[in-house]
Amino acid sequence: MALGLLGIEETDRSVIEQILERAVAFQPHDGRTFAKANTCTGKLVVNAFFENSTRTRSSFEIAAHRLGADTLAITASGSSVSKGESLVDTLNTLVAMRPSAIVMRHQASGAPHFLSRHLSTPIVNAGDGTHEHPTQALLDARTILDCCGRLEGLRVAIIGDIQHSRVARSNVHLLSKFGADTVLCGPPSLLPREMASIASGVTLEYDILRAVTGAHVVMMLRVQLERIHEPAMQPGEYFRFYGLRQEHLSLAHPEVIVMHPGPMNRGREISSEVADSQRARILNQVENGVAVRMAVLERVLSQ
Ligand code: NCD
């Protein structure tokens with residue numbers, strides 16, 4: 001099996017450390033853009049996105065170009081998947097065009113893992129259903145490290161629709177590998193009890209006030225309405241109980257940072273006041289997305 005990046009759960013801490021360290025070399029400084037590395041000139045990266053994406057797709061594309069690689073974008077609506085072709089056949093067709101790596105987002109949990117057993121081309125998982133989103137957890141870790149200088153011993157509150165969140169799952173695995181304490185918080189309908197046992201150092205909390213108390217990092221998540229048939233709460237009610245507001249931050253650590261993977265729904269899971277505050281690191285996350293994906297692609301393409 002070719003070495004790609006399928007999930008954080010199965011990735012060793014030492015590999016994560018190497019990627020996070022390498023990403024620093026690509027971070028932009030002094031108002032400039034990302035370093036142009038050209039370490040992957042002549043390589044072809046296929047970006048196969050079978051589910052909607054704005055920031056992840058563009059971030060992977062910029063990352064590949066900054067490394068000197070060429071890219072080809074495939075989307076579900078414009079591909080033969082919409083004509084009934086099986087996923088394996090679609091991917092085999094792409095493989096015949098000899099890409100060096102396939103970056104893939106798919107609505108089915110486990111799709112990239114399944115395909116990686118059938119293909120010789122390395123696959124980078126850009127989000128599979130509700131399962132994992134490894135590069136998001138890596139860019140989140142880079143952002144936390146930039147602000148807090150460490151992961152070990154931090155209290156990280158992840159608040160919102162935990163049940164449908166691949167971002168939460170990948171972050172829980174990463175934070176656990178580095179000795180952070182993760183508090184998962186949301187309404188009972190969106191916070192399955194099993195989440196407490198997916199990794200060490202995880203606790204569940206249904207009360208946002210208790211979740212944010214003493215937190216060094218507060219990570220807010222969108223309610224993924226596209227994956228929910230009947231929402232248990234109206235948006236106003238949800239915001240009243242689980243929306244992050246300025247008053248919550250006074251309970252957190254004085255240097256708390258607020259994160260959000262996007263897309264952000266202002267007035268639903270986060271107030272505009274908090275989203276635009278000095279504590280927010282939401283755009284730093286987007287920026288680190290490119291740097292981290294450069295580090296991931298460089299690693300995968302250099303095999
Ligand atoms: C997330 C995703 O797609 O999993 N977004 C992202 O990649 N930045 C979260 C979400 O859609 O809510």
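Trainee: Does S120 count as buried or exposed, and at what relative accessibility?

Mentor: This is a predicted model, by the way, so everything here is computed from it. S120 counts as exposed because its relative accessibility is 60%, and the cut-off for exposed is over 50%.

Trainee: Where does S120 lie?

Mentor: In the loop between α4 (111-116) and β4.

Trainee: Okay, on to sheets. In what order do the four strands of the open sheet stand?

Mentor: One general idea to keep in mind while you look: in a regular strand the side chains alternate between the two faces of the sheet. Now the case here. The order is β2-β1-β3-β4, and the pairing is parallel. The edges belong to β2 (70-75) and β4 (123-128); each has a single partner strand, so one side of each is left without a neighbour in the sheet. From one strand to the next, the twist averages 15 degrees.

Trainee: How many bridges join β1 to β2, and which residue in β2 does F49 stand opposite?

Mentor: Strand β1 (residues 44-49) is joined to β2 by six bridges, and the two run parallel. F49 faces T75 in β2. Over at β4, strand β3 (residues 101-106) pairs with β4 in the parallel sense over four bridges. There, M104 has N125 in β4 as its bridge partner.

Trainee: What is the strand order in the open sheet of five strands?

Mentor: That one reads β7-β6-β5-β8-β9, with parallel pairing. β7 (202-205) and β9 (257-259) stand at the edges with a single partner strand each, so one side of each has no neighbour in the sheet. Neighbouring strands of this sheet are turned against each other by 20 degrees on average, ignoring direction. A157 has V183 in β6 as its bridge partner.

Trainee: Now helices. At what angle do α1 and α11 pack?

Mentor: Two packed helices are described by the angle between their axes and the distance between the axes. Helix α1 (residues 13-26) packs against helix α11 (residues 282-301) at about 120 degrees, with the axes 8 Å apart. That angle makes α1 oblique to α11. The crossing of α1 past α11 is right-handed.

Trainee: Last topic, rings. How many aromatic pairs does a search of the whole structure find?

Mentor: A pair of aromatic rings is described by the distance of the centres and the angle of the planes. The search of the whole structure finds one pair. The ring centres of Y238 and Y242 are 5.8 Å apart and the planes are at 40 degrees, so the pair is tilted. Y238 and Y242 are about one helical turn apart, because they are four residues apart in helix α8 (residues 235-242). Y238 and Y242 are both buried.

Trainee: Which charged end sits over the ring of F239, and which over the ring of F60?

Mentor: For F239, R245 puts its charged end over the ring, 5.4 Å from the centre. For F60, the charged end belongs to R293 and sits 4.9 Å from the ring centre.

Methods
Residues are numbered from 1 along each chain as its sequence is written. This is a predicted model: local features need pLDDT of at least 70, side-chain atom pairs count only at pLDDT 80 or more; totals for chains, interfaces and linings use all residues. Side-chain values use heavy atoms; hydrogens and water are left out. Two strands pair if DSSP finds at least two bridges between them. Axes are lines fitted to C-alpha atoms, for helices over the stretch in contact, and angles run from 0 to 180 degrees between N-to-C directions. Rings of Phe, Tyr and Trp (its six-membered ring) pair if their centres lie within 6.5 Å; planes under 30 degrees apart count as stacked, over 60 as edge-to-face and the rest as tilted. Buried means under 20% relative accessible area, exposed over 50%, partly exposed in between (1.4 Å probe, protein chains only). A charge sits over a ring if NZ of Lys or CZ of Arg is within 6 Å of the ring centre and within 35 degrees of the ring normal. Angles under 35 degrees count as roughly parallel, over 145 as roughly antiparallel, 65 to 115 as roughly perpendicular and the rest as oblique. A crossing is left-handed if the near helix is turned anticlockwise from the far one by less than a right angle, and right-handed if clockwise.
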